[in-house]
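Subject: Structure for you to look at

Hi,

Here is the structure I promised to pass on. Have a look at it first, and then read on for what turned up.

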Amino acid sequence: MKAVSISPEIPIAKDLAIHGGEPVRATFLPYGRQSISESDIEAVVEVLRSDWLTTGPKVAEFEEAFAARVGAAYAVSFTSGTAALHAAAFTAGLKPGDEAITTPLTFAATANCVLYQGAQPVFTDVCPDTLNLDPDPLQKQISSRTRALLPVDYAGHPADLAAILEIAHRHGLIVIEDACHALGAEYNGRRVGGIADMTVFSFHPVKHITTGEGGMVATNDPKFAETLRRFRNHGISTDARQRQNAGQWHYEMVFLGFNYRLPDFACALGLEQLKRLDENLARRRAIAARYTAAFRGTPGVIAPSVRPDVNPAWHLYPIRLDLERLTADRGEIFRALRAENIGVNVHYIPVHLHPYYRDQFGYQGGEFPIAERAYDQLISLPMFHAMADQDVADVIRAIEKVLAAFAR
Ligand SMILES: Cc1ncc(COP(=O)(O)O)c(C=O)c1O
């Protein structure tokens, strides 16, 4: 059923900030933000004083520490999660004429990396509970052109990896897991990072750890790791530091790559941030538990569901609005929460509904009803490591206040 707009006969609570009342908070609370410590700053400054600003010793140190943390044999760093996805798509061998199957409920970069390779992203609808790629309809989308599957761990809840990997093995496909939300998540007791053929992470400031911009691909396959390293360095077989150390000038470009190298000072920041990952995850899990407990009794809120076999990383805390119980749609509730100084956000406009995808591929809406329906309901609440207990209480109070005002 379509959401109804606020109807004139239902009284508007006078104290909503959007109607001129006092906001729940005096200052704006963002939905996500980085945590930077003095040791982070010192680590970056130390590299700035050293000989290597770009690929230096911190790159390998960060990659080794990261691989160990996520339970993968190798990790290769990139200038962004998007660059890391591009490299994974290249390494999976995607080329014109190929297809890769992914979810529409993601950031556009997940599907764009397939297009960078001249291949075609094919969307499939999501599971109604987790909003992750649904393995059942996915099976029906597999064709002789399919080369890769690209599940996304939406909000930090791992996708149905066992089912997706089983399908991939049966059809000889490569699984690139977009875990940009899921650093530190666990699936069936295993860490996200060592499960799929390649797992992609992002270090954008709203993520669990940051390098400013940055990304990583984790893999257990030594050949994939080598291709990934070359891809981020123009397709060249050695880097400048290796040549200097070997007293060599000769290098060979063996395929067409890019400059996607993460600088040494960014890796120094990543190394320091990684030391606080467990603390960050624990805080996010505590905030999620508090939200979920609070919203159990709030009409109009559907809290995110968690499957029994996973421990999510909670990059986001996306609630869904039970629109049948509300007199306003998501847009009005979003604006009312923003007026209360709660920095809510929406993740995501389904990728196939963006003008570029509509124009290029003829999507009109209605193709993926579960994802599209979820999009009409979704609101991401503030979720980050440095949120104080009072911030969490403010969000809960604002949700209760706004939804009570729009209760049917
Ligand atoms: C699911 C997903 N994939 C890919 C990306 C791209 O990562 P980056 O911003 O580091 O390029 C993001 C970033 O927000 C994301 O959320």
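A cavity here means a set of grid points, over the protein atoms alone, where a 1.4 Å probe fits but cannot get out. Keep in mind that this is a predicted model.

The largest cavity has a volume of about 150 Å³. It has 17 lining residues, and those nearest its centre are Thr130, Tyr154, Pro304, Ser305 and Pro318. Sorted by class, this lining is made up of twelve nonpolar, three polar and two charged residues.

The second largest cavity holds about 110 Å³ of space. Its lining counts 14 residues, with Ser35, His208, Gln273, Asn280 and His385 closest to the centre.

Now for the ligand. There are 14 residues around it, and Gly81, Thr82, Asp178, Ser202 and Lys207 come nearest.

- Gly81: a polar backbone atom is 2.8 Å from a ligand oxygen.
- Ser202: an N or O atom of the side chain is 2.7 Å from an oxygen of the ligand.
- Lys207: an N or O atom of the side chain is 2.8 Å from a ligand oxygen.

On its own the ligand has 390 Å² of accessible area, and the protein covers 91% of that. Helix α3 (residues 81–91) gives the largest share of the shell, three residues. As for classes, the shell has eight polar, four nonpolar and two charged residues.

Cheers

Technical notes:
Residues are numbered from 1 along each chain as its sequence is written. This is a predicted model: local features need pLDDT of at least 70, side-chain atom pairs count only at pLDDT 80 or more; totals for chains, interfaces and linings use all residues. Side-chain values use heavy atoms; hydrogens and water are left out. A residue is near a molecule or strand if one of its heavy atoms lies within 4 Å of it. A polar contact is a pair of N or O atoms within 3.5 Å; within protein, one must be able to donate a hydrogen and the other to accept it, and residues adjacent in sequence count only if both atoms are side-chain atoms. Accessible areas come from the Shrake-Rupley method with a 1.4 Å probe; for residues, only the protein chains shown count as cover. Helices (H or I, at least four residues) and strands (E, at least two) are DSSP runs, numbered from the N terminus. Ala, Val, Leu, Ile, Met, Phe, Trp, Tyr, Cys and Pro count as nonpolar, Asp, Glu, Lys and Arg as charged, and the others, Gly among them, as polar. On a 1 Å grid over the protein atoms alone, a cavity is a set of points where a 1.4 Å probe fits but cannot get out, and a pocket is an open set with protein on both sides within 12 Å along at least five of seven lines; lining residues have an atom within 4 Å of a point. Grid points are joined across faces, edges and corners, and a volume is the space filled by probe spheres set on the points.
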